[in-house]
Amino acid sequence: MDEPHAPRALPLPEGFLPPDCAFSGQDWTALARQWFPVARVDAVAAKPRQVSLLGLRLAIYRLPDGICIGRDLCPHRGLPLSAGRIEGDELVCAYHGLRFGADGQCRKVPEKLAPKGTECFSLTMFPAVERHGLAWTCLIPGAEPAIPEVLPAMEAVAQDDGAAPSIERLALNEYRRLFDAM
Ligand code: FES
């Protein structure tokens, strides 16, 4: 498996459950340990955009070294980072201009936010892996399970009508597979 693009700067807290989550805490935690596709690789551009996984809003964007996936929540005021922009190898928050590197660490704090330093602000980042033309992530990463080399669901979808599988259909098949195994 390819190495994830960036390590998490901050893990999700123990027992974390997204607000208004439709899953029980136990189900959410089990699902969050799986890898899911969240976007087509060719649809990920420098302009950040929001995607949702298991009720959690994520910002996905492309830096010069690869795709990054982080929580869509600025650590300053909790506003969405998907409204931000990329400058060089940094994500810049649209609201007060905090700058973050690929690892989620804050690199620069604008003068208006002083005296707070860069150590005060870190993003929750998730691993980003490109596989099967899709960008994959895992909300509670560990050693296992890994992304399968060939997805049974992908084969099934491909055999279905010969068309390229949509990300929605792949995700739906993966959810079904996981729930069947529970
Ligand atoms: S909300 Fe992001 S810098 Fe203030």
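1. Strand 2 (49–53) and strand 3 (56–63) pair in the antiparallel sense over five bridges, where two strands count as paired if DSSP finds at least two bridges between them, and where strands are DSSP runs of E with at least two residues, helices being runs of H or I with at least four, both numbered from the N terminus. Within this pairing, Gln50 has Ala59 of strand 3 as its bridge partner, and in the hairpin, with two residues between the strands, Leu54 takes a positive phi near 50°.

2. This is a predicted model, in which local features need pLDDT of at least 70 and side-chain atom pairs count only at pLDDT 80 or more, while totals for chains, interfaces and linings use all residues. Residues are numbered from 1 along each chain as its sequence is written, and side-chain values use heavy atoms, with hydrogens and water left out.

3. Strand 3 is also joined to strand 4 by six bridges, in antiparallel fashion, with Arg62 opposite Ile67 of strand 4, and the two strands form a hairpin with two residues between them.

4. Strand 6 (residues 90–92) and strand 7 (residues 99–100) pair over two bridges, Val92 having Arg99 as its partner.
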